[in-house]
Amino acid sequence: MSEKKDYLKSPDLLPIPHSEKNISAAGFGFIWVGMAVVLAAFAIGGNGVQSLALGWVVLATVIACVVLGFLMTMTGDIGVEHGISFPVYMRAPFGTIGTHIPSVVRGFVASCWFGLNTYFGATAMNAIFATLFNFDNWFICFLIFAVLQLVNTAMGIKSIERFADLAAPVIILISGWMYFTLSDQAVAQGRDVWTWIESPVTGGAAATAFMVVIMANMGFWGTLAADMPTLSRYIKAPKNEKNWFRRNKGQIIGNIITYPITQTFMVIIGGVSYMAVSNYDPVVAIQGSASGIALGVLLIMIVFAQWSTNTTANVIPAATIFSNIMGPKMPFWAGVVVAGFIGIVVQPWSLFGIIIEVLLIVGGVLASIVGILVADYYFLRKRRVNVPELYESEGQYKYLNGVNWAGIISWAIGGIGATVFSNYSFIVGFVLGSASYYVLAKFWWFKKYEQAEIIDPSDEKYLGISIGRDWKIEKELEIEKELVITTATGGENV
């Protein structure tokens, strides 16, 4: 098979069959606990209580997480139904070449998040070493921590789930301890954690502050809302199940129950931490409120939390994207290395001070992609996808020189709109991206480049697991055929 024909068929990007979907609903829930305990989430709570009471910050967070969790499940059905990842499906709304543009942005953002979370974990690791061994060099800890995470990710999804199973219960227990300890410390200073506000605002300013909390939370995980198929393709799901809710049960438990609960609790801790020590960085708060064994255990929790978040939410998606761009020349482990390299060279220790502003802008740009995915998958293709053509460089999704301009233009419209109206970034990006793509694709682009699954929306031809199908790509079939011939001829390849 020629390299030109083969470059879209990197083994790490082929559809995951039903037999290899090995993450249970409980396992995915534990993964979410590990992912959602991110120190940057504390910044949302710390910023929020500067203008609003903690109860309003919590309400805004719950609204954001439930809505975003539902959107994650919607895009995640792509992985559950067809077993394909985000960068592979993006070939449909953006083209086999055009997919690289938004995918690289997503991969770069994920790599930056990897670096930022690694920095947080490294500061905690450095505090442990400084206390126990009088060793104080956070940058060495940063490099060590980065390597440990990258090796864990390169070992595969099952290794990551096992780590999450170990880390999640520890994280839950210690997070509870943090909340009660910091609450007591805030109360001791005369600050009721549910009524205290540093600089109260009212009227329109309060409404804006409320929306900023919602948009910051949505921007925080907007990356995963776009990229959920990369994870969901490994989640166990029943064959021949056409009911959307039952088929996505494993996702729903994590995305709409575990994630909102965990994220909200982290935001609360950030708010309480700010009240207790005027700093929403819990590493600083912990060092000011604990000592001895308790301090060491809490700092270890910080390390575990960043580790479990990074491997699942950042390194896997980024590595999959970079593997998609380079094809078989870049296996998954090499994509992991690239993601780690980017996460280090962007100097993530400089990003934390502007995290809310970054979340608003990045969230809106990625929301535009989420809107395009929803419009393409649900409203235009109605969940039916010509999957084999996604792996053909000269096939249905080549469009104009490999680019679907309806997707590129819609992404630009949504991204620009979200940047202009940054306080409402995710909503603006999602609505503009989905609406403009639906109109441009349906009434312009797909008139020029007809889509087989839209012309003939056949279940038997274009659905996956809901009709019991495991998608087989031509490369797989040729390998199987070669093995059969080799066996039949006694090992002589003919």
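Trainee: How many of the 30 residues of H10 are buried?

Mentor: H10 is largely enclosed by the rest of the structure, because the buried residues among its 30 number 25. Here buried means under 20% relative accessible area, exposed over 50% and partly exposed in between, with a 1.4 Å probe and protein chains only. Keep in mind that this is a predicted model, in which local features need pLDDT of at least 70, side-chain atom pairs count only at pLDDT 80 or more, and totals for chains, interfaces and linings use all residues. Residues are numbered from 1 along each chain as its sequence is written, side-chain values use heavy atoms with hydrogens and water left out, and the count you asked for in H10 is 25.

Trainee: How many helices does the protein chain have?

Mentor: Helices (H or I, at least four residues) and strands (E, at least two) are DSSP runs, numbered from the N terminus. The protein chain has zero strands, and its number of helices is 21.

Trainee: What percentage of the 494 residues in the protein chain is buried?

Mentor: Contact means heavy atoms within 4.5 Å, and of the contacts with a separation of 6 or more, 85% are between residues 24 or more positions apart. Of the 494 residues in the protein chain, the buried share is 60%.

Trainee: At which residue does the kink in H10 lie?

Mentor: The expected span of a helix is 1.5 Å times one less than its number of residues, so H10 should span 44 Å, and its end C-alpha atoms, 41 Å apart, agree with that. A bend is the angle between axes fitted to the seven residues ending at a residue and the seven starting there. In H10 the kink is about 60 degrees and comes shortly before the proline Pro229, at Ala226.

Trainee: Where does H18 bend?

Mentor: H18 (residues 425-448) has 24 residues and should span 34 Å, which agrees with the 32 Å between its end C-alpha atoms. Its buried residues include Phe426, Tyr437, Ala441 and Trp445. The bend of H18 is about 50 degrees and is found at Ala441.

Trainee: Which side chain makes a polar contact with the side chain of Gln149?

Mentor: Gln149 is found in helix H8 (residues 138-154) and counts as buried at 0% relative accessibility. Not counting residues up to four places away in sequence, the residues Gln149 touches include Phe114, Gln306 and Asn310. A polar contact is a pair of N or O atoms within 3.5 Å; within protein, one must be able to donate a hydrogen and the other to accept it, and residues adjacent in sequence count only if both atoms are side-chain atoms. For Gln149 the partner, at 3.0 Å, is Thr118.

Trainee: Which residue meets Arg381 in a salt bridge?

Mentor: Arg381 lies in the loop between helix H16 (355-380) and helix H17 (405-420), and it is buried, with a relative accessible area of 1%. A salt bridge is a side-chain nitrogen of Lys or Arg within 4 Å of a carboxyl oxygen of Asp or Glu, and the structure holds 13 of them. The partner is itself buried at 0% relative accessibility, and the N to O distance of 2.8 Å is to Asp376.

Trainee: What is the relative accessible area of Arg246?

Mentor: Glu241 and Arg246 meet in a salt bridge of 3.3 Å, N to O. Glu241 is buried, with a relative accessible area of 17%, whereas Arg246 is exposed, with a value of 53%.

Trainee: What is the phi of Arg383?

Mentor: Most residues other than glycine have a negative phi. Arg383 lies in the loop between H16 and H17 and is buried, with a relative accessible area of 14%. Its phi is positive in a residue other than glycine, near 70 degrees.
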